[in-house]
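Reader: Could we go through this model together? I would like to begin with overall dimensions and then turn to domains and contacts.

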Amino acid sequence: MTATPGGFAGRVLRVDLSTGKFSTQDTVERYGDVLGGTGLGYQVLWEEVPQGTGPFDAANKLVFATGVLAGTSVPCSGRTAITAIYPSCWPKALVGSGHMGGQFAAKLKYAGYDAIIVEGRAERPVWLFVRDGHVELRDASHLWGSGIRRATLEISQEMGADCCVAAIGQAGEKLAPLATVVNSLSHSAGGVGGVMGSKNLKAIGVQGSGCVRIAGDKGQWERLVKFHLSILGANNQHVVPAFPSPESEYYSPGSRWVGEPGKRWGAARPPVEITGSIHSMSRIAYRTNSAAYFLGEQAWKHTVRGNGCTSCPIRCHTTLKVPAMATKYGLNEIAQGTCIALNFGRFFFPGLPGGPKGQAALEACMIGMNMADDMGIWSNYGQLQRDFIKLANDGVLQAKLGSAEYSSIPWDQWRAGDPAFLLDLIPRIGERRGELGNVLSQGSGGPFDHWGVPESAWEADRATTYWKMGHPKHHANEDDGQCGVIINTQYNRDAQCHSHTNFVRNGLPVHEQKRLSGELWGSPDSVDAPGHYTRMNPYKARRAQWALIRKELHDCLGLCNWMGPWVASPLKERGYRGDNSLESRFYSLATGRSLDREGLDLAGTRVFTLHRALTIRDMATADMRGAHDHVPQWVYEDPKGAQPFTQGTIRMDRADMALAMDMFYESMGWDKATGAPTRETYGRLGLDAVGQALAEKGLVPGAEK
Amino acid sequence: MTPEDTARLCEAAAQAVREASAELRLVDCAEVLEALAAEGHFAEEDTIGLEEARALLPGLLAAHPALAVLESRTGRTLHHAPEQLSRTYARILDRKGSPLLLMAEEIRANSRDYPRPVPAELFEGPPFELPPEDIAHAVAAMAESPDYQDISSVTTDTGAVYLFSSQHMERGYAMFLAEQTESLTLAP
């Protein structure tokens with residue numbers, strides 16, 4: 001193995017499944033300018049995947065890419081981005097990424113690789129064996145048709161307990177657009193499982209005994225890691241506890257920092273009681289209990305522990321033990337998950353006996369986690385469940401499904417809120433069984449295409465939270481006014497950006513948030529109190545840009561954007577400031593290539609702009625403003641008729657949003673009329689060749705063909 | 001008494017306040033003196049005398065940069081160390097004997113500062129620890145009392161009761177924020 005530069009493992013592995021050949025490339029030489037992660041994926045797609053390639057074509061490429069900071073001791077650095085032409089993007093598949101945590105990123109780097117580029121299609125089912133630079137394709141015929149758990153177990157038995165397996169389930173094998181890739185039991189990347197299935201690739205097992213070299217001063221590195229730990233809050237970087245504490249001036253009942261001294265992980269043996277200082281760095285892992293946050297007090301007694309990613313003390317994947325699962329449903333009594341995946345089962349029901357935090361809700365969550373993470377089904381950020389409810393309530397399912405299929409569905413269980421209903425429904429989706437399973441597994445585009453349901457009906461119904469292109473809002477105007485809307489216009493799937501919402505929901509009072517905002521983005525007016533929005537201003541555009549670029553940077557560096565950026569902290573003595581330069585400080589020390597905040601943000605902007613260029617190329621239009629950056633109708637309405645900019649509404653104003661987009665495009669260096677990057681902007685970002693190629697197709701505003 | 005004596009007294013008193021704060025106790029000057037005496041602080045002839053200390057202590061504690069003064073609802077002047085016992089928590093402890101005042105002031109502070117209504121069930125947990133029936137009784141009693149006419153409630157679609165102060169928040173906004181808070185766990 002050659003000497004590796006700091007931070008990077010040094011090599012990118014290429015696997016051609018059509019020929020069975022492997023090759024490697026130098027990461028820094030070939031992909032250093034785009035940092036890694038999504039940047040590496042976008043570059044591969046730009047250079048190697050022709051316009052018009054379908055998601056399940058052999059010509060599509062699937063890029064598993066970690067980043068410089070993955071596999072190091074940097075907190076929250078366990079992420080892998082999986083980039084491809086993305087199947088659930090409707091009506092036309094475009095570039096997109098799924099993101100997973102777990103142990104895969106670190107193991108891949110310890111095995112000697114920063115990324116794996118999967119090409120072509122195998123003739124028969126295979127799995128990829130990667131151990132310390134040794135690579136093989138092995139037969140997966142015996143695993144095909146099985147769930148992720150069995151595949152993971154069998155491969156782990158073959159490789160050894162210290163491997164990490166990323167696998168697809170039945171949904172991925174059957175090319176469901178809503179399919180996941182899952183590693184470490186519950187860490188899933190949405191939307192890309194079907195692409196893996198189309199390549200006849202059941203799983204990737206990685207195992208490594210190497211390490212990641214840190215180029216900079218080790219003492220400085222250790223101090224920076226400790227500093228980072230000191231400014232961590234709980235999940236989503238909520239920096240105040242949910243409960244009044246003698247150690248905190250502020251609290252917020254909506255905070256995910258629910259781990260209060262005296263609470264117990266009741267299903268641990270022996271049970272673990274939370275004690276000591278809430279600010280202790282050795283107790284960070286007790287702050288978050290995702291199950292207690294979503295399911296209330298009852299979850300504590302079922303809590304076994306917090307699980308999570310390599311190097312992350314937050315442990316947001318709460319492990320639960322509910323003995324009723326085995327006796328009532330014949331399922332594993334233990335499951336783990338966070339956020340939407342934890343709620344996968346519960347969200348299929350409009351109502352549950354005992355309410356959303358009762359026993360039935362808990363059991364529905366357990367069934368959902370067990371089955372969805374085994375069959376490899378993605379919820380599309382809960383849109384799958386909202387689509388199902390709307391289709392059922394609007395009578396579409398009754399009208400469109402054949403009577404035999406419709407009557408075979410246990411509707412009585414659904415109406416009664418019986419979690420056993422999921423035992424029938426989830427396999428239909430995972431196996432794409434019948435018309436219902438086939439259509440739902442396609443995402444929102446399924447009912448639009450298959451049953452002629454108009455997309456406009458979804459766009460007009462706020463309850464769907466549908467946004468555009470087959471995907472829902474992801475922290476939009478309900479959280480952050482114009483910033484949230486801008487952010488939700490930019491990607492080809494749900495935005496998956498948390499930079500903005502992690503700040504506005506951090507739990508600090510609005511006067512503290514405004515003070516910090518003034519320091520960070522130039523004016524306290526860059527942030528509004530929730531649901532009390534003011535008109536657009538340039539500082540909000542600056543903040544929206546910052547949020548998007550940091551999200552992209554995190555996806556490139558292997559950092560978790562569900563936690564970062566860390567610009568606020570629990571530390572009163574720091575005036576609740578975090579550190580806006582943390583990413584560049586870590587990058588510089590890891591690689592030995594000094595890059596300040598502005599320099600790294602510029603690299604992030606390059607990557608984000610490459611995503612834009614790919615979208616422009618594959619949509620064959622530069623008119624992003626008209627054809628892509630869409631805002632649904634419900635954003636401009638209020639159920640009670642409240643006017644925009646009044647207290648208590650998230651209704652936005654069309655003219656103000658048009659101005660917001662103007663300001664955002666301008667701050668990005670994009671043409672205001674079309675929302676497309678200008679030739680100058682491509683040049684400034686080191687993307688001359690990209691600008692040239694698009695200009696030749698007439699896809700750069702103002703440039704001659 | 002020399003400046004050094006005064007400085008020693010000040011630090012010893014501050015330490016007594018810190019220790020009380022670590023035990024979640026607010027203390028007045030008399031209690032601080034008692035703690036110092038128990039430690040034998042006034043036993044030596046060459047140290048500062050008890051009466052002299054009694055006269056000096058209020059000023060020393062009030063001026064200490066690491067300590068905070070709280071004017072208690074009972075009229076006493078109490079001291080605490082915010083590092084160990086935050087101002088917010090200290091106020092809650094001080095009001096614990098008066099449920100209506102306790103709830104009302106917490107509701108007002110939340111409506112004013114964050115701004116947000118608070119779920120009624122907040123008061124069931126520590127450090128409030130009020131039984132649900134006492135919370136319901138307090139809400140009803142506040143509705144009847146002229147001192148608490150600003151305290152009001154909204155009920156979300158999920159049936160959760162949120163409390164707010166109309167001095168600092170409009171009802172419609174309180175309803176919006178309550179619904180939004182509930183939605184955080186239902187549509188994250």
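Author: A definition comes first: the radius of gyration is taken over C-alpha atoms, and the globule rule is 2.2 Å times the number of residues to the power 0.38. This is a predicted model, in which local features need pLDDT of at least 70 and side-chain atom pairs count only at pLDDT 80 or more, while totals for chains, interfaces and linings use all residues. Residues are numbered from 1 along each chain as its sequence is written, and chains are lettered from A and ligands numbered from 1 in the order in which they are written.

Reader: What radius of gyration does chain B have?

Author: Chain B has 21 Å, whereas a compact globule of 188 residues would have a value near 16 Å. The C-alpha trace of chain B spans about 70 × 35 × 25 Å along its principal axes.

Reader: Which domains does chain B have?

Author: The assignment gives domain 1 (3-92) and domain 2 (98-186) of chain B; such bounds come from an automatic or database domain assignment. The C-alpha centres of these domains of chain B lie 35 Å apart.

Reader: How many of its residues count as buried, as a percentage of chain B?

Author: Of the 188 residues of chain B, 33% count as buried. A residue is buried if 20 or more other C-beta atoms lie within 10 Å of its own, exposed if 12 or fewer, and partly exposed in between, with C-beta atoms placed from the backbone.

Reader: And how many helices and strands does chain B have?

Author: Chain B has seven helices and five strands. Helices (H or I, at least four residues) and strands (E, at least two) are DSSP runs, numbered from the N terminus. From the N terminus on, the order in chain B is α-α-α-β-β-α-α-β-α-β-β-α.

Reader: In what order do the strands of the open sheet in chain B run?

Author: Three strands form the sheet, in the order β3-β5-β4 of chain B, with antiparallel pairing; two strands pair if DSSP finds at least two bridges between them. β3 (118-119) and β4 (151-155) of chain B are at the edges with a single partner strand each, so one side of each has no neighbour in the sheet. Two bridges join β3(B) to β5 (residues 161-165) of chain B in the antiparallel sense. Pro119(B) has Tyr162(B) in β5(B) as its bridge partner.

Reader: Turning to chain A, what are its domains?

Author: Chain A is assigned domain 1 (11-207) and domain 2 (474-564 + 596-696). The contact between them takes 33 residues from domain 1 of chain A and 25 residues from domain 2 of chain A, where contact requires C-beta atoms, placed from the backbone, to lie within 7 Å.

Reader: Which element gives the most to the domain 1 side of that contact in chain A?

Author: α2(A) gives the most, with seven residues.

Reader: Which residues touch the most other members of the largest nonpolar core?

Author: They are Val63(A) and Ile82(A), in a core of 218 residues. Domain 1 (11-207) and domain 2 (474-564 + 596-696) of chain A both contribute residues, so this core lies between them. A nonpolar core is a set of buried Ala, Val, Leu, Ile, Met, Phe, Trp, Tyr and Cys residues joined through C-beta atoms within 7 Å. Leaving aside neighbours within four places in sequence, Val63(A) has contacts including Leu40(A), Val44(A), Ile82(A) and Ile117(A).

Reader: How many residues do chain A and chain B each put into their contact?

Author: Chain A supplies 25 residues and chain B supplies 31 residues. On the side of chain A, α8 (290-295) and α11 (339-342) are the elements that give two or more residues.

Note on methods: Contact = placed C-beta atoms within 7 Å.
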